[in-house]
Amino acid sequence: MSNIERTLRAMVATKQLEIDKQKRKIKELETKIKEMEDDYKNRLGDIENRKKNKRTKPSYVSDK
C-alpha cells in the first residue's frame, strides 16, 4: 500500500468518525426535543383539566 493510499484511508476514517459524532449529537437533540414536546403536552393537559374542574361557585360564597 502506498503512502498516498494510507493517507487517504486515514482521512476517510477521520471524516467517518466526525460524521458518526454528528449523528449522535443529532440523535441526542431529537431525543431532547421529543422529551420537551411530551412535557409541554402534559402541562397543557393539566391546564385543560384545571379549566374543566373549576368550582361552580366563587370561593367567597359559603354553603353554610
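Author: Start with one side chain. K34 has a relative accessibility of 47%, so K34 counts as partly exposed. Keep in mind that this is a predicted model.

Reader: Why does K34 count as partly exposed?

Author: The class runs between 20% and 50% relative accessible area. K34 is at 47%, so K34 belongs there.

Reader: Which residue does K34 meet in a salt bridge?

Author: The general idea is a distance test: a side-chain nitrogen of Lys or Arg within 4 Å of a carboxyl oxygen of Asp or Glu. Here K34 meets D38, at 3.3 Å from N to O. D38 is also partly exposed, at 32% relative accessibility.

Reader: Where do D38 and K34 lie?

Author: Both lie in helix 1. They are four residues apart, about one turn of the helix.

Reader: How many salt bridges does the structure hold?

Author: Three. Take R9 and E5 next. Their closest N and O atoms are 3.2 Å apart. Both residues lie in helix 1, which covers residues 3-52. The spacing is four residues, about one turn.

Reader: Is R9 exposed or buried?

Author: Exposed, with a relative accessible area of 51%. The cut-off for exposed is over 50%.

Reader: Which residue forms a salt bridge with E18?

Author: K15 does, with the closest N and O atoms 3.7 Å apart. E18 and K15 sit three residues apart in helix 1, about one turn. E18 has 40% relative accessibility, so E18 counts as partly exposed.

How values were computed. Residues are numbered from 1 along each chain as its sequence is written. This is a predicted model: local features need pLDDT of at least 70, side-chain atom pairs count only at pLDDT 80 or more; totals for chains, interfaces and linings use all residues. Side-chain values use heavy atoms; hydrogens and water are left out. Helices (H or I, at least four residues) and strands (E, at least two) are DSSP runs, numbered from the N terminus. Buried means under 20% relative accessible area, exposed over 50%, partly exposed in between (1.4 Å probe, protein chains only).
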